[in-house]
Amino acid sequence: MEGDVRSSKGEIEGDARSSKGEAEEESDSEDEQTDEQKEATRRAEMRAKLKKVIRLVISMNSVSDSFEERAARIAKAKDTGHLDLCGMKRTFLPDQVYRLKNLRTIQLDRNLLVGLPRELERCIELEEIRIRSNLLETFPPVLTTLQQLKLFDANGNSISTVPSFIDGCTALTSLSLSGNSLTSISPAVGSLSNLHTFNVSYNRKLKSIPFTVANLQTSLTILDIRGCVALEYPPVLESHLEEVKGLKESGANKRGGKERGESRAGWDEDSGR
């Protein structure tokens, strides 16, 4: 009986050692697998870091090229008085711009500008600003400080109103706001006695033009309202103006247009062409 006990004990110990050995083998296998996984993870992280470095190098080269190009354009503007920063994806203007005391024209089309800074008032000789296809939502107040400004072209932005302070832009001869989000125009626009071109075409939510525009009969030659499909009967008559784009196309420049057989539906269709 004692022998049977010793035999059973031996079997138990053997099973325990066997189980322990299997557990160690499994543990070693898990360790090996974990090491492989760690190595794979490490390599993946290295590849990701390398990609970031490559992108950074490319980005730095792009920034460097952009900086050099911008610097060259600003340097040229010192001599010519004309600055072209079109298509440079700028979100703000470089400080060097405000030091161009003889700057007369500036082109800022196809950037990411949401406004024009107050510092631009230092460019006291500025006559023309073109800022098409940017991100403007409001009319820039700084324009009222530029007493020589004759042209402001902000086509393709999101400006919603022509504000009352527009009367401070006394030298304006051309105001172009085509393809914006205009819903209202201040009557103050009628005080711009030098204005000869007023372009508000393709502002599809614009419902009216202030009658004060008729005050400009001695200066205004172009009032472009093409594509303003929500516009009610415009109060400005052709007899006041040399050329009224949009009005001519629709026939709405004639007093009593509906009596002449021109329906509102016809006005919308013609305006939207």
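Where does R110 lie? I located R110 in the loop between strand 2 and strand 3; strands (E, at least two residues) and helices (H or I, at least four) are DSSP runs, numbered from the N terminus. I noted that R110 is not a glycine, yet has a positive phi of about 60°.

**Basis of the entries.** I worked on a predicted model, in which local features need pLDDT of at least 70 and side-chain atom pairs count only at pLDDT 80 or more, while totals for chains, interfaces and linings use all residues. I numbered residues from 1 along each chain as its sequence is written, and side-chain values use heavy atoms, with hydrogens and water left out.

**Backbone.** I then looked up S133, which is not a glycine either and has a positive phi of about 55°. S133 belongs to the loop between strand 3 and strand 4. I recorded S133 as partly exposed, its relative accessible area being 41%; buried means under 20% relative accessible area, exposed over 50%, and partly exposed in between (1.4 Å probe, protein chains only).

**Overall make-up.** I counted three helices and nine strands in the protein. Along the sequence, I read the pattern α-β-β-β-β-β-β-β-β-β-α-α. Of the 273 residues in the protein, 37% are buried. I found that the protein exposes about 15900 Å², with 50% of it supplied by carbon and sulfur atoms; accessible areas come from the Shrake-Rupley method with a 1.4 Å probe, and for residues only the protein chains shown count as cover. Among contacts (heavy atoms within 4.5 Å) with a separation of 6 or more, residues 24 or more positions apart account for 32%.

I traced an open sheet of seven strands in the order 1-2-3-4-6-8-9, with parallel pairing; two strands pair if DSSP finds at least two bridges between them. Which strands stand at the edges? Strand 1 (82–84) and strand 9 (222–224) do, each with a single partner strand, so one side of each is left without a neighbour in the sheet. I noted a twist that averages 5° from one strand to the next; axes are lines fitted to C-alpha atoms, for helices over the stretch in contact, and angles run from 0 to 180 degrees between N-to-C directions. Strand 2 (residues 105–107) runs parallel to strand 3, and three bridges join them. I found I106 opposite I129 in strand 3.

F139 lies in the loop between strand 3 (128–130) and strand 4 (151–153) and F152 in strand 4, so the pair ties together parts that are 13 residues apart in sequence. F139 and F165 form a tilted pair, at 6.2 Å centre to centre with 55° between the planes. I placed F165 in the loop between strand 5 (161–162) and strand 6 (174–176), 26 residues from F139. I assigned F139, F152 and F165 to one aromatic cluster. F139 and F152 are both buried, with F139 at 3% relative accessibility, whereas F165 is partly exposed at 29%.

**Charge over a ring.** I also found R90 over the face of F92, at 4.6 Å from the ring centre; the criterion is NZ of Lys or CZ of Arg within 6 Å of the ring centre and within 35 degrees of the ring normal.

Note on methods
Phe/Tyr/Trp six-rings, centres within 6.5 Å; stacked < 30°, edge-to-face > 60°.
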